[in-house]
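Good morning, everyone, and thank you for making time for this short talk. Please keep the sequence and the structure open while I speak.

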Amino acid sequence: MKIYIDGRFVSRKEAKVSVFDHGFLYGDGVFEGIRAYGGRIFKLKEHIDRLYQSAKAILLTIPLSPKEMEGVTIETVRRNKLRDAYIRLIVSRGEGDLGLDPRKCPKPSIICIAGKIELHPEEVYKKGLSLVTLATIRNIPQALNPQIKSLNYLNNILAKIEATTAGVNDGVMLNEKGYVAECTGENIFIIEGKELSTPPCYVGTLKGITRDLVLELGENLGLKVKEKVFTRYDLYNASECFLTGTAAQIAPVVKIDGRKIGKGVPGPITKELMKGFRDLTHREGVEVY
Ligand code: PXG
């Protein structure tokens, strides 16, 4: 395995960062999780754009241009001879001292790791997921905007722990007003008749790249597509529900808080969208080889 760190490719064993890196000390940094399918990197430009937007929001200047960052990503996949890959791009604040002031960190660190993807078991896509709503609310945008894909994922980790200790696949995070925000690492959608909706980002969600693509796919299928604020009541009464994310792709949800969603099996529109998404991942993307 060859890992990119600040201009060099090193072995897994040599791939180390300083204990004084503020990414490690404070979670001060940003990242992206990207996938390659069949030798093409899916939605690379969109991920790079979001990385720079996250960095801008935390006043972190990335010492490479977006084009150079695309190059680093492609080269990392190529050097690891991967066709299907999970790619992690990380920009940390860099090495400083024990104080939290980022002005003490002169040089941000750039890391790119490309590895094999850990796929969810096929059963998840056939049978659907079971969720609960969580007591851990999503970070409020006025404190730490969930649109920033930062290295500080404790909010999501606490939520994931809550979901797994409850014995279900994942959990729904609400915002401080009780509106549905997103899941621990995926966006959430509901279908009501011919209407497809997902919460707007101001509710407290990441602007998922899979989410935006699914909104487009929904339009193409002739659905009425909406960003809308909704509650747990709307989740329970939806005809279909699913999650979206780079790792999860489109994952059907069949149960929430013990309530069966629709018929309790992955719904027909969800399945159409899954197919549309799969087709695109086979056709689109930036060529590595
Ligand atoms: N919400 C959150 C909080 C996320 O972290 C998504 C939604 C889906 O966004 P995309 O752009 O992937 O459609 C994410 C996705 C990882 C990892 O290990 C990445 C995510 C989530 C969990 C783990 O790289 N990001």
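Let me begin with a term that we will need several times: a residue is called buried if its relative accessible area is under 20%, exposed if that area is over 50%, and partly exposed in between, with a 1.4 Å probe and protein chains only. What we have here is a predicted model, in which local features need pLDDT of at least 70 and side-chain atom pairs count only at pLDDT 80 or more, while totals for chains, interfaces and linings use all residues. Residues are numbered from 1 along each chain as its sequence is written, and side-chain values use heavy atoms, with hydrogens and water left out.

I would like to start with the aromatic rings. A pair of aromatic rings is described by the distance of the centres and the angle of the planes. The rings of Phe, Tyr and Trp (for Trp, its six-membered ring) pair if their centres lie within 6.5 Å, and planes under 30 degrees apart count as stacked, over 60 as edge-to-face and the rest as tilted. How many aromatic pairs does this rule give? The count comes to 5 aromatic pairs. One of them joins Phe-31 and Tyr-153, with 5.2 Å from centre to centre and 70° between the planes, which is edge-to-face. Phe-31 lies in strand β3 (residues 29-37) and Tyr-153 in the loop between β7 (129-133) and α5 (154-165), so this pair ties together parts that are 122 residues apart in sequence. When I speak of helices (H or I, at least four residues) and strands (E, at least two), I mean DSSP runs, numbered from the N terminus. Phe-31 is buried, with a relative accessible area of 8%, whereas Tyr-153 counts as partly exposed at 22% relative accessibility.

Another pair is made by Phe-42 and Phe-277, and because their planes stand at 85°, with the ring centres 5.8 Å apart, this pair is edge-to-face. Phe-42 lies in the loop between β4 (40-41) and α2 (44-57) and Phe-277 in helix α8, so the pair ties together parts that are 235 residues apart in sequence. Phe-42 is buried, at a relative accessible area of 7%, and Phe-277 counts as buried at 5% relative accessibility. Ring pairs also bring in Tyr-37, so that Tyr-37, Phe-42 and Phe-277 are linked into a cluster.

Helix α8 leads us to the packing of helices. Two packed helices are described by the angle between their axes and the distance between the axes. The axes are lines fitted to C-alpha atoms, for helices over the stretch in contact, and the angles run from 0 to 180 degrees between N-to-C directions. Helix α6 (residues 209-220) packs against helix α8 (residues 268-283) at an angle of about 115°, and their axes are 10 Å apart. The contact, which means heavy atoms within 4.5 Å, is made by Thr-210, Leu-213, Val-214, Leu-217 and Gly-218 of α6 together with Leu-273, Gly-276, Phe-277 and Leu-280 of α8. Notice that Phe-277, from our ring cluster, takes part in this contact as well.

Now we turn to a buried loop residue. Which loop holds Gly-94? Gly-94 sits in the loop between β5 (85-92) and β6 (109-115), and it counts as buried at 1% relative accessibility. Leaving aside residues up to four places away in sequence, Gly-94 touches Phe-20, Asp-21, His-22, Cys-105, Lys-107, Pro-108 and Ser-109.

Asp-21, one of these neighbours, lies in the loop between β2 (8-11) and α1 (22-26), and is buried with a relative accessible area of 5%. With the same exclusion, Asp-21 touches Ser-92, Arg-93, Gly-94, Glu-95 and Ser-109.

Finally, a word on backbone angles. Most residues other than glycine have a negative phi, and most peptide bonds are trans. Lys-81, although not a glycine, has a positive phi of about 50°; Lys-81 is placed in the loop between α3 (66-79) and β5 and counts as exposed at 69% relative accessibility. Asp-257 also has a positive phi, near 50°, in the loop between β14 (249-256) and β15 (259-260), but Asp-257 is buried, with a relative accessible area of 19%.
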